[in-house]
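Visitor: I'm new here and I'd like someone to walk me through this one. I'll keep asking how you know things, if that's all right.

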Amino acid sequence: MGSSGTFSLSSLMCEEGEACFFEHLDENPDTIDSLDSPCFVLEDEEEYIEYLLRQETGFGSQNQPFLASDDRSNRNWLRSARVDAIDWIFNSQAKFGFRVETAYISVTYFDRFLSKRSIDESKPWAIQLLSVACLSLAAKIEEQNVPVLSDYPMEEYRFENKVIKNMELMILSTLEWKMGSATPFAYLHYFVGKFCPGSKPQTIITKAIQHIVAMVKDVNLMDQRPSIIASAAILAASDATLTRKGMDLRISVISSCGSLESGDVFFCYNLIQEKRKNEVKTPCSNLMSTQSSSTCVLENPSDTCSGAKRKLSFEDSENCAAQKLHRP
Amino acid sequence: MGDGSGSRWSRAEWVQQYDLLGKIGEGTYGLVFLARTKTPSPSKSIAIKKFKQSKDGDGVSPTAIREIMLLREITHENVVKLVNVHINHADMSLYLAFDYAEHDLYEIIRHHRDKLNHSINQYTVKSLLWQLLNGLSYLHSNWMIHRDLKPSNILVMGEGEEHGVVKIADFGLARIYQAPLKPLSDNGVVVTIWYRAPELLLGAKHYTSAVDMWAVGCIFAELLTLKPLFQGAEVKATSNPFQLDQLDKIFKVLGHPTLEKWPSLASLQHWQQDVQHIQGRKYDNTGLYNAVHLSTKSPAYDLLSKMLEYDPRKRITAAQALEHEYFKIEPLPGRNALVPCQLGEKIVNYPTRPVDNTTDLEGTTNLPPSQAVTGVSGSMPGAHGSNRSVPRPMNVVGMPRMPPQAMAAYNLTSQAAMGDGMNPGSISKQRGVPQGHPQQLRRKEQMGMPGYPSQQKSRRI
């Protein structure tokens with residue numbers, strides 16, 4: 001993922017290493033950061049991670065897989081529309097200098113929205129509207145400086161502010177105002193310490209972030225719990241040659257992580273390895289990733305390890321409902 | 001608001017659920033109205049908070065999003081209960097419906113100071129404090145920091161099943177830990193500095209739950225003495241200015257902070273830069289016990305001084321405070337903070353909130369001039385007489401509550417019509433999409449109060 005291009009992942013990364021997950025450095029470069037601040041989290045880290053894991057229980061299990069549809073053409077359309085949307089989100093994130101988490105959270109909103117309401121092929125504009133509103137919402141929750149709606153770069157369609165606001169409201173009410181999405185990023189520091197004691201955390205975390213971002217296009221974020229993605233990313237960043245057994249051994253260090261399903265972790269781990277192999281110095285363009293073999297891995301249920309969820313097909317149960325999207 | 005929008009909002013379906021009684025508050029965030037539910041019976045009082053419209057170019061206001069998303073996650077007896085979120089699609093305005101609380105600590109303290117001229121009884125102080133800590137402990141264990149605790153945000157339920165129960169309110173500035181924080185003055189929100197923790201005044205960039213505990217200490221002292229403990233004059237400037245006077249007020253009572261007692265002090269921006277020579281100032285240290293008239297040996301003093309500990313890492317936590325000896329000695333704290341269990345204690349009848357029935361849900365004032373709002377208060381002797389206009393939720397005073405018959409004008413049923421077609425909610429949801437994860441559902445069931453009609457079921461969001 002190191003090569004340049006319109007969507008260079010490495011340029012999106014936090015340079016600060018692990019610190020950036022636990023403190024949010026002020027824009028102002030000449031301020032002295034208080035010593036006690038990052039520590040309060042570190043002291044409580046164990047407790048905080050347990051809390052996050054508890055919050056994850058029930059994750060996704062109640063959601064309809066949004067990419068599961070009988071309509072093959074719409075499924076393909078939606079898959080490529082999602083990849084475009086993700087490109088747009090990450091490009092805009094880079095443009096505004098948002099944190100990677102902000103873009104990631106936007107994608108979770110995107111996926112959650114589509115697991116409850118469908119958009120079909122006849123409304124490509126709705127996908128773009130959804131992307132803008134998801135990113136704008138995530139920025140309002142996560143970022144210090146929020147651009148005005150008209151600053152978001154629009155490509156094919158221009159939306160009035162009013163229309164975007166209406167879409168924001170639609171997302172908020174569809175997601176029942178539960179906007180506090182957990183992300184894998186919250187776990188990285190903790191997992192590095194547990195899985196790879198003694199190694200340089202910054203290097204591993206930076207790599208892990210790249211893995212996570214690279215996975216976004218291939219995994220419906222509704223399907224894998226953030227802690228699973230985080231642990232797979234950390235493991236893959238520290239050792240690319242793990243066997244299932246070796247991985248289990250590493251995971252077993254964490255007592256409180258009874259909920260870390262090793263089958264799921266291994267599935268994500270393999271997915272990362274798969275993606276890495278396919279990284280033939282191509283900029284991560286949307287065309288490439290739709291064709292990439294890791295997507296095929298997802299589609300073929302008999303592939304890779306057993307037991308993992310693979311739901312990357314499209315849902316189209318409510319065509320008629322989506323028609324109303326025209327209204328705003 | 002263009003032509004005709006005044007009637008458009010009233011056509012919104014959700015408005016029909018309520019009888020609107022009038023405006024009860026106003027602040028930087030918007031307006032608060034008092035209403036009664038028409039069903040289920042018996043009807044109950046609801047406070048409806050209308051968010052001020054954000055600029056068109058900004059979309060939904062971040063404050064509203066944060067407040068609602070946090071309130072959606074929490075259910076606790078000592079935290080205000082969000083009953084419903086209403087979207088008015090005609091102008092895309094947001095309305096939050098809360099269980100109504102008749103009193104707040106600001107008004108209770110003011111009543112004692114200005115009307116009764118005597119202190120709040122020990123049982124009430126202790127019960128209020130215990131419940132405040134109980135709610136806060138819950139918030140902190142869910143990794144939320146309130147960040148704006150002050151007497152007017154601590155509500156107390158009026159007569160009824162929950163009489164005298166404390167409810168922490170106003171989560172517009174609340175945060176989940178680790179979320180980035182804007183300097184408070186930057187989001188255009190005015191926050192009173194009197195309850196602000198010293199580490200923040202000295203330039204700490206990060207909030208910890210300890211900032212809430214400092215505020216609780218200040219509120220505790222105010223409950224005891226009926227006046228704000230550290231009443232600094234605020235420096236108004238665009239970007240989070242250094243509040244010298246507020247620190248000065250604190251140091252005068254608690255003495256100078258030292259590196260010995262507070263090691264991380266050295267790293268705080270304003271301390272290190274020492275622009276105003278705060279390090280060199282001399283303070284006589286009048287002593288906290290003098291300020292609050294407590295014996296240094298009393299458990300109340302011990303608890304208060306632990307809340308007002310300079311070093312945020314040494315400051316007592318809400319969970320620890322609940323275990324403090326102060327709460328284990330007589331009088332023991334109770335659920336109804338306003339009515340002491342012991343005989344012989346006088347029961348104070350606190351005034352109910354004034355209702356301005358001349359303002360409609362859009363915030364437009366109408367109706368006869370004789371009823372026009374004249375008593376807009378802002379200068380409370382001895383309290384908010386400083387150089388700032390504190391955003392008080394209760395701006396309108398001196399208006400008697402109207403008897404129910406007089407409310408006919410606000411009974412909106414007759415004007416009700418079908419909702420308009422712009423409702424994004426009209427896109428039907430997938431069937432069988434469950435609401436929330438099991439943990440939350442369970443919590444809600446548990447919290448259901450006996451004899452307390454649940455609004456949750458009718459929730460449409």
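**A guided tour**

Guide: Let's start with B:K50, which carries the annotation "binding site" in an unreviewed UniProt entry. UniProt positions follow the numbering used here, feature names are shortened, and annotations may be inferred rather than shown by experiment. This is a predicted model, where local features need pLDDT of at least 70, side-chain atom pairs count only at pLDDT 80 or more, and totals for chains, interfaces and linings use all residues. Residues are numbered from 1 along each chain as its sequence is written, while chains are lettered from A and ligands numbered from 1 in the order in which they are written.

Visitor: Where is B:K50, and is B:K50 buried or exposed?

Guide: B:K50 is in strand β3 of chain B. A residue is buried if 20 or more other C-beta atoms lie within 10 Å of its own, exposed if 12 or fewer, and partly exposed in between, with C-beta atoms placed from the backbone. B:K50 has 22 C-beta neighbours inside 10 Å, so B:K50 counts as buried.

Visitor: What makes B:S61 buried?

Guide: B:S61 has 20 C-beta neighbours inside 10 Å, and therefore counts as buried. You'll find B:S61 in the loop between β3 (45–51) and α2 (62–73) of chain B. Leaving aside neighbours within four places in sequence, B:S61 is in contact with B:F51 and B:S54; contact here asks for C-beta atoms, placed from the backbone, within 7 Å. B:S61 and B:L94 are 33 residues apart in sequence, and their C-alpha atoms are 9.6 Å apart in space.

Visitor: What is the phi of B:R147?

Guide: Phi of B:R147 is near 75 degrees, a positive value in a residue other than glycine. B:R147 is in the loop between β7 (144–145) and β8 (154–156) of chain B, and with 22 other C-beta atoms within 10 Å, B:R147 is buried. Over in chain A, A:W177 has a positive phi of about 60 degrees although it is not a glycine. A:W177 lies in the loop between α7 and α8 of chain A, and 21 C-beta neighbours inside 10 Å make A:W177 buried too.

Visitor: Which peptide bond is cis?

Guide: The one from B:E330 to B:P331 is cis, with omega near -10 degrees. B:P331 is in the loop between α11 (318–322) and α12 (438–447) of chain B.

Visitor: How many helices and strands does chain A have?

Guide: Chain A comes to 15 helices and 0 strands, while chain B comes to 12 helices and 10 strands. The names come from DSSP runs, numbered from the N terminus: helices are H or I runs of at least four residues, and strands are E runs of at least two. Buried residues make up 49% of the 328 residues in chain A, and 43% of the 461 residues of chain B.

Visitor: Why is α8 of chain A called largely enclosed?

Guide: Because 9 of the 11 residues of helix α8 (residues 185–195) of chain A are buried, α8(A) is largely enclosed by the rest of the structure. Among them are A:F185, A:Y187 and A:H189.

Visitor: How is chain A divided into domains?

Guide: Chain A has domain 1 (72–180 + 318–326) and domain 2 (185–277), with bounds from an automatic or database domain assignment. The C-alpha centres of domain 1 and domain 2 of chain A lie 27 Å apart. Their contact takes 10 residues from domain 1 and 8 residues from domain 2 of chain A. On the domain 1 side, α5(A) gives the largest share, 8 residues.

Notes
Two residues are in contact if their C-beta atoms, placed from the backbone, lie within 7 Å.
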